[in-house]
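My notes are below the display.

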Amino acid sequence: MPSAPPAPDLQAPAVWRAVRVRYPFSDRSGVGPVDLELRPGERLLLLGPSGSGKSTLLQTLTGIIPHSVPAHVEGDIELGGEPVPRRKPYGWAHAVAQFFQDADQTLCGMRVEDEIAFALENRALPEATICAKVGEAMRRVGLPEEWRGRRTMTLSGGEKQLVALAATLAQEAPIFVADEPTAHLAPEAANRLHRLLLEQIPGQSILIVDHRLDGLIGSVDRVAVLGPEGMLVATGMPAQVFRHSRDTLDALGIWRPLASRLDAVLDRAGLAPAHPPLAVQDVLEHLDRLPASARKRAGDVLSSFAAEHMPPASSKGGDPIVRLVDAACAPFLGPTVLRGVNLDIAPREVLGMLGANGAGKSTLGASLAGLLKLRGGARHGPAGGVAFQRPENQFTTGSVRQEIAAALPGVHASQVDDALRSWDLEALAHHHPFELSQGQKRRLALATLAAGGRWPLLVLDEPLAGLDAAGSEMVTGHIEAMRDAGFAIVVITHDMDFALRLCPRSIVVGEGGILADGPTRELLADKGLLYRAGLCEPAIAPLLRWLERAAAC
Amino acid sequence: MLSRLHPLGKLAACMTWIAASILIFDLRFQLATVIMVALVLVVAERISLLKILALMVPFALFGLGFLTTSLLFGRESDFALRMAGESPLGSLQFSAGLTLFLRAIACGMVSALFALTTDPGAFVRALMVSWRLPPRFGYSLFSAMQLVPDLAEQAQQIRLARAMKAGRPPRRIPGPFELASLVVPLLAFAIRRAGRAAIAMEARGLAPATARTVIDAPRFGWRDCFFVVSSAALLALLIVALRAAG
């Protein structure tokens, strides 16, 4: 639950006044002008579309921008009433703990104990105090005591993220800043991280940027929304912002929690609750209190809503195009991680591939595409294309146009223009691929794979990671179009609602093999399986159960 | 056993043995050094012989260069030939080449002894505490170590993507053209990562010139004194014995 509103006379721990940031060689401001304050004990969520300057604003807080990252900063930024430029960024470590998106960015490759102690050593605390605080941080995050001596390089992605969190919590700074901490985590690990991040610590203020709102939003006190130009377009209590500014948020392509989208649906039917809901459970409790006739009407509109978020009937056409038989899969030059894999996929089929961090999904995807040689078993079918997690890895030319042209060898320039137009990349044709936003890079990567129809099977590895709602919607639309065009598509994802919406069939990868293969809805309703695989049910699951119950009555 | 010793005491002992291997041009000395270190690693430290042999491959290639140079261009390594003149082996060229080859292996074995029995973290902490290595450099070393596997992973991703476009699985060992084409993207990745790591360390309060605590720093004890003294005594004994044997 959100904390009680702070007393108005207390000094704000962090303040931005008319702050404007402009990067070198840029003709417009990356952020601002922005006026914002973080209040004592407040948990503030910063939202905005991709490229709106959220990370930039966070990095101005301790002067990393402009001290370590060159930029021109106007306006006043204060921490605890003291102007930020008065100290170097390291001079603010006692006041601000910063948790970055990528754990490898935080960790230095030392032992777990050393990583957690690092900030405390920098403050020259006595060794005994540091050891006690390290133990406390490890207990809080749930790291086993025997991990103290483990090298962080030997940990999985999720484990590293927890060590990074313990290292940041150990700073015991009055301000805690987190920049998309769950972007690359499996659902169970992401939920755990959210719980730990938002534990109430007296006097601590938290500023968080994240796209994953379900499970997080209920613990947030206030939301601030940055527009595409880097200016604040809305601030307020989460419930109010998501109800009263929802058209603005939708227009800007900003994620909204599922409860807010249900609220909008009910509002259009004149059945919205008096208090804007933040959790699906709030919506369901409201529905249960409605008179029978109104509840029936609500059930009808919510059934339509749910249908839009369920997978379409399977449209797969004909015999499997690619098959793995008793396959043993290993990453390039690495040991075997999956054994006894039997899997097939047909044209016009979208297959979801789900599993915890480090389960071997990317390895299985590349093996299915024929890109990795099997260590055992057999693969039947033509080669497939892979859209990698980091799209920049597959760009080899100097411009967007050249990338598309390279994917369409020997065709006329007008056909390259057509491909650029169909993927909405015309305006970017002469940009270097590395200059594009993350969403644009993903679009270009998909365009190069789909252009020319060279690969009948496409494996898309985390196609939505780090994208805002608009970017995700665009990528989803392209995947559906590719499916309708006859491609067989495998989607590797940590987003259970996305898998449920797009994939009639899914597999769950874990414990060195395929744990389950079946209809996505059935797999995601199997709590035992989800627990075993480190997954969570989709946010829409409680609504689906309510609708089933309502239909049965 | 050796892993419990102070890294700097061990470093001093190893440096002394490496210096002796370089300065003493005696096939028997190099051979004795290689055998002793191998025994310590295999018997006392339980390190697999295969691993040691694999680690010695680059040193062996380096040493083979000396051996072939000595055999093919004997006249140009006059000093080595004169030094090897006292060797029991018949051919002067071969004897000199073999000594040079074993010198490379001996240096490699002593280096491996240090690397395989020293925790890098403890080593850097000892450098910061005992030899006043600035923490900025110490933690840069850590980050560089962290970067190596990440660079390898990044290189593999790029190679997979390119192999996919080329329509064939990637080769185990990249060719020279492929290697050259990886340099720029990997350099860009390394610079980006190094910049981010520097920012993260600064955000956690790593300052250029302020006092800081170093936890769990290795402390020099009687065990380390014993090791350093006995290592020096063994070296002296070996030299004297070889001199006495002529």
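**Conventions.** I am working with a predicted model, in which local features need pLDDT of at least 70, side-chain atom pairs count only at pLDDT 80 or more, and totals for chains, interfaces and linings use all residues. Residues are numbered from 1 along each chain as its sequence is written, while chains are lettered from A and ligands numbered from 1 in the order in which they are written.

**Domains of chain A.** I looked up the division of chain A and found domain 1 (14–248), domain 2 (258–308) and domain 3 (322–384 + 455–544); the bounds come from an automatic or database domain assignment. I then took domain 2 and domain 3 of chain A, whose C-alpha centres lie 32 Å apart. Seven residues from domain 2 of chain A and five residues from domain 3 of chain A make the contact (two residues are in contact if their C-beta atoms, placed from the backbone, lie within 7 Å). On the domain 2 side, α10 (258–268), α11 (280–289) and α12 (292–308) of chain A each supply at least two residues. Helices here are DSSP runs of H or I of at least four residues, strands are runs of E of at least two, and both are numbered from the N terminus. I noted that α11(A) gives the most to that side, with three residues. By class, the domain 2 side has six nonpolar residues, one polar and no charged. Nonpolar stands for Ala, Val, Leu, Ile, Met, Phe, Trp, Tyr, Cys and Pro, charged for Asp, Glu, Lys and Arg, and polar for the others, Gly among them.

**Chain A against chain B.** I found 42 residues of chain A in contact with 35 residues of chain B. On the chain A side, the elements giving two or more residues are α3 (103–106), α4 (112–122), α5 (127–141) and β15 (385–387). Of these, α4(A) gives the most, with six residues. I sorted the chain A side by class and have 22 nonpolar, 12 polar and eight charged residues.

**α4 and α5 of chain A.** Which way does the crossing of α4(A) and α5(A) go, left-handed or right-handed? I have α4(A) and α5(A) packing at about 125 degrees, with their axes 9 Å apart. Axes are lines fitted to C-alpha atoms, for helices over the stretch in contact, and angles run from 0 to 180 degrees between N-to-C directions. That makes α4(A) oblique to α5(A); angles under 35 degrees count as roughly parallel, over 145 as roughly antiparallel, 65 to 115 as roughly perpendicular and the rest as oblique. The crossing of α4(A) and α5(A) is right-handed, which is the case when the near helix is turned clockwise from the far one by less than a right angle, anticlockwise being left-handed. The α4(A) contact residues are A:E113, A:I116, A:A117, A:L120 and A:E121, and they meet A:I130, A:K133, A:V134, A:A137 and A:M138 of α5(A). I count seven nonpolar, no polar and three charged residues in this contact.

**α14 and α15 of chain A.** The axes of α14 (residues 400–407) and α15 (residues 413–422) of chain A come within 10 Å and cross at roughly 115 degrees. The crossing of α14(A) past α15(A) is right-handed. A:R401, A:I404 and A:A405 of α14(A) make the contact with A:V416, A:A419 and A:L420 of α15(A). This contact has five nonpolar residues, no polar and one charged.

**α16 and α17 of chain A.** I have α16 (residues 438–450) and α17 (residues 469–484) of chain A at an angle of about 10 degrees, with axes 10 Å apart. α16(A) and α17(A) are therefore roughly parallel to each other. From α16(A) the contact takes A:G439, A:R442, A:R443, A:L446 and A:A450, and from α17(A) it takes A:G471, A:M474, A:V475, A:H478 and A:M482. The classes are five nonpolar, three polar and two charged.

**Single residues.** I looked up A:A18 in strand β1 (residues 14–22) of chain A. A:A18 counts as exposed because it has 11 C-beta neighbours inside 10 Å; a residue is buried with 20 or more other C-beta atoms within 10 Å of its own, exposed with 12 or fewer, and partly exposed in between, the C-beta atoms being placed from the backbone. Leaving aside neighbours within four places in sequence, A:A18 is in contact with A:P33, A:D35 and A:G75.

B:L71 sits in helix α3 (residues 49–72) of chain B. With 15 other C-beta atoms within 10 Å, B:L71 is partly exposed.
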